[in-house]
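Let us walk through this structure together, one step at a time. Have a look at the sequence and the model, and then read on.

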Amino acid sequence: MSRYGLSADDDRFLAEMDQSENVGADAAPEEGEDNQPDDSDGEEIQMTSKQVLDALQRAWMNEKFAVQILPYEEPIVDMVLSQLVYMEENLASTNKNEMLYIAHRMEVERIRYLLASYHRCRLQKIEEYTFHILDEESKRAAGEKRLSAGELQFATDFYKSVESHFHQVAVRHMPRSCQDDENIRKVVPNLDSHVFVRAKENVAEFSISADHETINVAAGSVHMFKYRDVEPLVLEGIVELI
């Protein structure tokens, strides 16, 4: 009997989809290509499809609830895009009236929504805190940048457009002593706002106040902290925002 009670054709399609279980930072290999790892290419992230989607969902949730913009998860985004291309190719050769096609099409749309929402959250922060984000980004070392190349270009262009418009409608009518003070117009996120976090591992003697008050955080426990205090743990992947 066919697994899941599906037809033989459905089983064939499901087997093809299972071939995409292991994905890396590169696109899925074409038929006939050598799938052996090539040490000359350096380190490559190898994750199952489920691990990639779980990582995307965690990145989306963290970005959604983080006060500040977080580092761009480029490897995860690239792997998800590669996986979507592979899934679309399999769906293109499948009967659109089959139940399995409908189920996989819904899954593809769900993944696309997560990906779009992740980028939308980041763009909303860039538009709201443009000057602050660009100022902070300029102070970070090369390996600590948080914006992708596209986001940096968008933020720069957006900032120039807003400043030009603001100058035309308001700044040029102000006293000269106030025209060049950008810090007055700078909007910054409130790092003292509280967020909910779930610990992914044990954290001993975690400091939660300026008075160096500490608590022990157990893996799987849920807490509410000031974002300022918990951001280092979010960046290290020790806790996740919920």
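Of the 242 residues of the protein chain, 35% count as buried, where buried means under 20% relative accessible area, exposed over 50% and partly exposed in between, with a 1.4 Å probe and protein chains only. Please keep in mind that this is a predicted model, in which local features need pLDDT of at least 70 and side-chain atom pairs count only at pLDDT 80 or more, while totals for chains, interfaces and linings use all residues. Residues are numbered from 1 along each chain as its sequence is written, and side-chain values use heavy atoms, with hydrogens and water left out.

The secondary structure of the protein chain comes to nine helices and seven strands. Both are DSSP runs numbered from the N terminus: helices are H or I with at least four residues, strands are E with at least two. Among contacts (heavy atoms within 4.5 Å) between residues at least 6 apart in sequence, 67% join residues at least 24 apart.

Two packed helices are described by the angle between their axes and the distance between the axes. Here axes are lines fitted to C-alpha atoms, for helices over the stretch in contact, and angles run from 0 to 180 degrees between N-to-C directions. The axes of helix 2 and helix 4 come within 9 Å and cross at roughly 30°. That makes helix 2 roughly parallel to helix 4; the cut-offs are under 35 degrees for roughly parallel, over 145 for roughly antiparallel, 65 to 115 for roughly perpendicular, and oblique for the rest. Helix 2 passes helix 4 in a left-handed crossing, a term used if the near helix is turned anticlockwise from the far one by less than a right angle, with right-handed used if clockwise. On the helix 2 side the contact includes Leu 53, Leu 56 and Trp 60, and on the helix 4 side Ile 111, Leu 114 and Tyr 118 are among the partners. The residues of this contact of helix 2 with helix 4 divide into ten nonpolar, two polar and six charged. In this scheme Ala, Val, Leu, Ile, Met, Phe, Trp, Tyr, Cys and Pro count as nonpolar, Asp, Glu, Lys and Arg as charged, and the others, Gly among them, as polar.

Helix 3 also meets helix 4. Their axes come within 11 Å and cross at roughly 155°, and helix 3 and helix 4 are therefore roughly antiparallel to each other. This crossing of helix 3 past helix 4 is left-handed. Among the residues that meet are Val 77, Leu 81 and Leu 84 in helix 3, and Val 108, Leu 115 and Tyr 118 in helix 4. By class, the contact of helix 3 with helix 4 has eleven nonpolar, two polar and four charged residues.

A further partner is helix 6. The axes of helix 4 and helix 6 come within 10 Å and cross at roughly 30°, and this crossing is right-handed. Arg 122, Leu 123, Ile 126 and Glu 127 of helix 4 make the contact with Glu 151, Phe 154, Ala 155 and Phe 158 of helix 6. Five of the residues in the contact of helix 4 with helix 6 are nonpolar, none is polar and three are charged.

Now for the aromatic rings. How many aromatic pairs does a search of the whole structure find? There are five aromatic pairs; rings of Phe, Tyr and Trp (its six-membered ring) pair if their centres lie within 6.5 Å, and planes under 30 degrees apart count as stacked, over 60 as edge-to-face and the rest as tilted. Tyr 72 and Tyr 118 form a stacked pair, 6.2 Å centre to centre with 20° between the planes. Tyr 72 lies in the loop between helix 2 and helix 3 and Tyr 118 in helix 4, so the pair ties together parts that are 46 residues apart in sequence. Both Tyr 72 and Tyr 118 are buried. The rings of Phe 206 and Phe 225 have centres 5.1 Å apart and planes at 65°, so this pair is edge-to-face. Phe 206 sits in strand 4 and Phe 225 in strand 6, 19 residues apart.

Strand 4 also holds Glu 205, which has a positive phi of about 55° although it is not a glycine.
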